[in-house]
Amino acid sequence: MYSASDLKKGLKIEIDGDPCMITNFEFSKPGKGQALYRCKIKNLITGNQFDKTYRSVEKVNRCALISRDYTFSYIDGDNYVFSDNETYEEAILNEELLGDQKYFIVDDMQVEILFHNDRALDITMPNFVEMVIAETEPGARGDTATNVMKPAKLENGYEINVPIFINEGDTIRIDTRDGSYADRVSKG
Amino acid sequence: MQTAFPKVKMPTDSIMLRDALMRRIRAFFYDRDYTEVETPIRLKIPCMELHIDAEPSGDHFLRTSPEIFHKQLLAAGCQRIFEMGKCFRSGELGPLHNPEYTMLEWYQADADYMDILEETRLLISTVWKDVSKQWKILTVSDAFLEFAGWDPAGNYDEDRFDIDLVEKVEPAIKKIGGPVVLKDYPVEAAALSRCRPGDPLRAERWELYMDGVEIANAYSELTDPVEQRLRFEACAQQRIALGKEAYEIDEAFLQALEKMPPSGGIALGVDRLLMLIAEATSLDAVLPFR
C-alpha cells in the first residue's frame with residue numbers, strides 16, 4: 001500500500017482492481033486545512049481519465065505490473081499467440097488490444113508484454129519493422145524527394161503514406177510506434 | 001511612487017526582487033509606527049494546530065509561526081508589532097509549499113480582522129500594485145453556497161469542506177482573479193480566532209487569495225484563555241486520533257492571553273507574494289536553493 005504522500009506523477013496504482021497511472025499530481029493544503037493530493041488518473045485498461053483527491057490518511061493499492069519477453073508464434077482467428085521465451089507458456093492477445101500494431105507483427109518477432117496480474121495490458125515491439133509494399137501508384141522515375149507522399153498498401157491491408165519514388169514490391173522500414181514510413185530498405 | 005521591481009529571469013535574480021520587496025515591507029511598517037520584533041525560532045512547545053506539524057530540532061521544535069510569542073508581547077503592552085522571518089512546517093512540499101519559508105506576521109492591539117484587512121489592502125497597494133479597487137470580499141457561507149452548493153457553517157464536515165474548497169471554491173476564486181477575500185469561517189475552522197459576536201457558528205477569520213493563490217490568513221484574535229484551552233485540548237485529541245504527536249498545552253501562552261487586549265493579527269506568505277510579483281506559478285522561481 002502507498003500512503004497518499006507517496007503519490008507522484010507517473011506512479012502506477014490499482015483502483016477497484018484496475019491498473020491506473022497518475023498523469024498529473026498536485027499537492028494542496030488549503031489554509032488551516034488538511035494536506036490533499038489531487039491526482040489526474042488514467043485507467044490503463046479502459047483509457048478513461050478522471051480526477052481523484054486523496055486525503056493524507058488514505059491508503060492506495062500498489063499496482064503489480066510485470067513485463068516478460070515473448071516470441072510471436074501464430075494467429076488464431078482474432079487472437080495473436082506469443083510464447084514465453086523462458087517457459088514457452090502461451091500468451092494470447094486479442095487484435096483489439098493490439099490496434100494498428102497487429103499489422104507490424106512478423107514471424108518470430110521478439111516482443112515484451114506487460115501484465116497486470118495475469119492480464120496482458122500492452123505490448124512493446126521493435127521500433128522498426130520491414131514490410132513489402134503490395135499496392136501503390138507507380139513512382140516517378142528519378143524523383144527522390146522524400147517530402148512528397150502518396151498512399152500505399154501493405155500485403156496485410158495496412159494503409160501508409162510513402163514517398164513518391166516507392167514502387168510495388170519495394171521493402172520499406174516502418175516505425176511501429178506511430179505506424180509511419182521511415183525509409184526504403186530495398187527495391188522490389 | 002515606487003520604481004519597478006527587477007525582472008526575474010533566473011531563480012537567482014529573485015534575490016534582488018526579494019531584497020526590494022522586503023525593504024518596501026519594512027518601510028511600510030516603520031511608517032505606521034510598528035515595532036519590528038525578533039522572537040525565538042526554536043521553541044519548546046509548538047502551537048497546536050490540527051494539520052500543522054512542527055519540525056523537531058534537538059530537544060526543541062522549529063516554529064511553525066511566531067504567533068505564540070507575538071501574543072505574549074501584546075499582553076506585555078506592545079501595540080503594533082511585526083516580524084519577517086523563517087518558519088518551518090514538516091512535510092509541506094509542492095509548487096506552493098516549502099517546508100522552510102518566509103512569513104510576515106503582524107499584530108495590532110485594539111483592532112479586529114477587518115482593520116487588518118484594510119491595512120493589508122494598503123500594504124499590497126503600497127509594496128506591489130494598486131489593487132484596492134478590485135478587492136472582492138466573499139463570506140465562506142456565500143462562496144460555498146454559490147460554488148459548492150452547501151453552507152458549511154452549522155453543517156461542518158471537515159473532509160467535505162477541505163475537498164470542496166480545493167476542488168470547487170478555490171478554482172472559482174482563481175477565475176475571479178485579482179485579490180479575493182474569503183471571510184467568516186465556520187467556527188470548527190476558527191483555529192485561533194474569536195467567534196463573531198452574536199454568531200456562534202462563524203469565526204472572525206479571513207484568507208486572502210491573489211490570483212487564486214492563498215497568501216494570507218488573519219484573525220480577530222481569540223483572547224479568552226478558557227476557550228483557548230478547550231480548543232487546544234480538543235485539538236490534542238484530534239491529533240492523537242490522526243496518529244500525530246499531541247504537543248503540550250503552552251501554559252505561559254494561556255496565562256498571557258488573560259492580559260492580552262483585543263487584537264487583530266495576520267500571517268502573510270512572503271515567498272508566495274514574491275512568486276506572484278515574479279509572475280511565476282511555482283515557488284521554484286523565487287527559492288533558488290530548493
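**View 1. Antiparallel pairing of strands 4 and 5 of chain A.** Strand 4 of chain A is joined to strand 5 of chain A by seven bridges in the antiparallel sense; strands are DSSP runs of E of at least two residues, numbered from the N terminus, and two strands pair if DSSP finds at least two bridges between them. A:Arg38 has A:Thr53 of strand 5 of chain A as its bridge partner. Five residues lie between the strands of this hairpin, in which A:Gly47 takes a positive phi near 80°. The model is predicted: local features need pLDDT of at least 70, side-chain atom pairs count only at pLDDT 80 or more, and totals for chains, interfaces and linings use all residues. Residues are numbered from 1 along each chain as its sequence is written, while chains are lettered from A and ligands numbered from 1 in the order in which they are written.

**View 2. The contact between chains A and B.** Chain A contributes 16 residues to the contact and chain B contributes 20 residues, where contact requires C-beta atoms, placed from the backbone, to lie within 7 Å. On the side of chain A that touches chain B, two or more residues each come from strand 3 (18–28), strand 4 (36–43) and strand 5 (49–55) of chain A. Strand 3 of chain A gives the largest share of that side, three residues.

View 3. Helix 8 (residues 270–277) of chain B is mostly covered, with seven of its eight residues buried; helices are DSSP runs of H or I of at least four residues, and a buried residue has 20 or more other C-beta atoms within 10 Å of its own, C-beta atoms being placed from the backbone. Among the buried residues of this helix are B:Val270, B:Leu273, B:Leu274 and B:Ile277. The covering elements include helix 1 (14–31), strand 5 (80–88), strand 6 (100–109), strand 11 (213–220) and strand 12 (263–269) of chain B. Just after helix 8 of chain B, B:Glu279 takes a positive phi of about 55°.

**View 4. A five-stranded open sheet in chain A.** The sheet has the strand order 14-13-12-15-16 in chain A, with antiparallel pairing. Strand 14 (159–163) and strand 16 (180–186) of chain A are its edge strands, each pairing on one side only. Strand 13 (residues 149–154) of chain A runs antiparallel to strand 14 of chain A, and five bridges join them. A:Ala152 stands opposite A:Ile160 in strand 14 of chain A.

Technical notes
Two residues are in contact if their C-beta atoms, placed from the backbone, lie within 7 Å. A residue is buried if 20 or more other C-beta atoms lie within 10 Å of its own, exposed if 12 or fewer, and partly exposed in between; C-beta atoms are placed from the backbone.
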